[in-house]
Amino acid sequence: MKPKNAFYAQSGGVTAVINASACGVIETARRYPDKIGKVYAGRDGIIGALTEDLIDTSLESDAAIAGLKHTPGGAFGSCRYKLKSFDEQRAQYERLIEVFRAHDIGYFFYNGGNDSMDTAWKVAELASRLDFPLISIGIPKTVDNDLAATDCSPGFGSVAKYVATSMLEAGLDVASMARTSTKIFVLEVMGRHAGWITAACGLAAKQSGEPPHILLFPEIPFAPEPFLLRVDENVKTHGFCAIAVSEGLSDASGRLIAEMGGKDAFGHAQLGGVGQVIAQLIKDRLGYKYHWALADYLQRSARHIASKTDVEHAYAVGRAAVEAAISGKNAVMPAITRTSDVPYRWEITFAPLSEVANQEKKMPREFITPDGFHITDPGRRYLAPLIEGEDFPPFTHGLPHYTRLQNSSVARKLKEFTL
């Protein structure tokens, strides 16, 4: 019997290592030609499946696919597009099956975060409901590190390494000028409800008094007075104060400190600017000169300083997804399970998509100091191994050499579909 083809797509905000997962999927599938035919990628995520805009990865050389392991961004394009319930969007679900049937697709691999695991679960349920032979596997990815059922999320370790390094370097810069110039530095990082990235900034402070001096987590309601007191203490003691703040910082009532008012495709508030709000608060109340920075896309695209551990995690979950599928597993997500902190050891296990979809893993309170302003030793033990190791991309003429695929389209067989 001719082997079924596979569909792979990337979803949500991309990372420095999401393409390493794609590499793991495609390279592993190529090792099992008797189990999997071609691997088709969705152009711009699930939208590629709905619009029958498929990419034939079999036309890419082995070298090009291998190059994905050190290339940031989303090689096939990503999207923020969440499928609603079957009853609300029946036509879209039926379209998915129509496209899968037309292209003889028997495997669905969806690489993303919380909402993406929900999509993978819904697709698995849909196939079962319609009695269509399809195996659906979620592949974890999110810089926010908030996926349930996995010790960490591929993409987080590299962001953690980038922000910790940035804080270390910026701290040295500010310290050298603080006597006559800037005394406050604020770095705003991603993290809507979970402060994992902010916590990673804390790794730069190897001993008391080193920057960052203050971390502001979304898990800890922001109170201006104790915060300003701590800022002033640090300036008077150390000459300056470096602060890292999560974009999702909120007050005791749950109101976001900085909310632009808009919402993204998933219905989440569009955030940004909390770093400036915090810096200006310090200026207004304490009079200290400040600089603030917004890490934004830089933190999630910095493949040049990726964590080797993170790259290995990302590739492993892609490989495991294919191996799980051909062994008959369905509606699961390969998860990273830590077996030891020192030395750091881990293995791949599998979690039901039903236990991952739409769940959110926040920072444990034990990882945050009692005053709410820094990380504890247990938090440091958890974070430290995830930034270990270097895996530099090849460089040409002083710049990283990143892979660009041909992304040749598969001929359409169906009528046009409007989203």
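A residue counts as buried under 20% relative accessible area, as exposed over 50%, and as partly exposed in between (1.4 Å probe, protein chains only). At 1% relative accessibility, S153 is therefore buried. The model is predicted, so local features need pLDDT of at least 70 and side-chain atom pairs count only at pLDDT 80 or more, while totals for chains, interfaces and linings use all residues. Residues are numbered from 1 along each chain as its sequence is written, and side-chain values use heavy atoms, with hydrogens and water left out.

S153 lies in the loop between β5 (135–140) and α6 (156–177). Helices (H or I, at least four residues) and strands (E, at least two) are DSSP runs, numbered from the N terminus. Setting aside residues up to four places away in sequence, S153 touches T142, N145, D146, L147 and D310. Contact here means heavy atoms within 4.5 Å.

Strand β6 (residues 184–189) is largely enclosed by the rest of the structure, because six of its six residues are buried. In a regular strand, side chains alternate between the two faces of the sheet. I184, V186 and E188 point one way from β6. F185, L187 and V189 point the other way. Two strands pair if DSSP finds at least two bridges between them. β6 pairs with β11 (residues 290–294) in the parallel sense over five bridges, and V186 stands opposite W292 in β11. β6 also pairs with β8 (residues 241–246), again in the parallel sense, over six bridges. There, V245 is the bridge partner of E188.

Helix α9 (residues 274–286) has 13 residues and should span 18 Å at 1.5 Å a residue. The expected span is 1.5 Å times one less than the number of residues. The end C-alpha atoms of α9 are 18 Å apart, which agrees. V274, G275, I278, A279 and I282 are buried in α9. Seen down the axis, the buried residues fall within an arc of 140 degrees, so they line one face of the helix. The arc is taken from the directions from the helix axis to the C-beta atoms. These buried residues pack against β6, β7 (214–216), α8 (224–238), β8 and β11. Just after α9, G287 takes a positive phi of about 80 degrees.

The axes of α8 and α9 come within 11 Å and cross at roughly 75 degrees. That makes α8 roughly perpendicular to α9. Axes are lines fitted to C-alpha atoms, for helices over the stretch in contact, with angles from 0 to 180 degrees between N-to-C directions. Angles under 35 degrees count as roughly parallel, over 145 as roughly antiparallel, 65 to 115 as roughly perpendicular and the rest as oblique.
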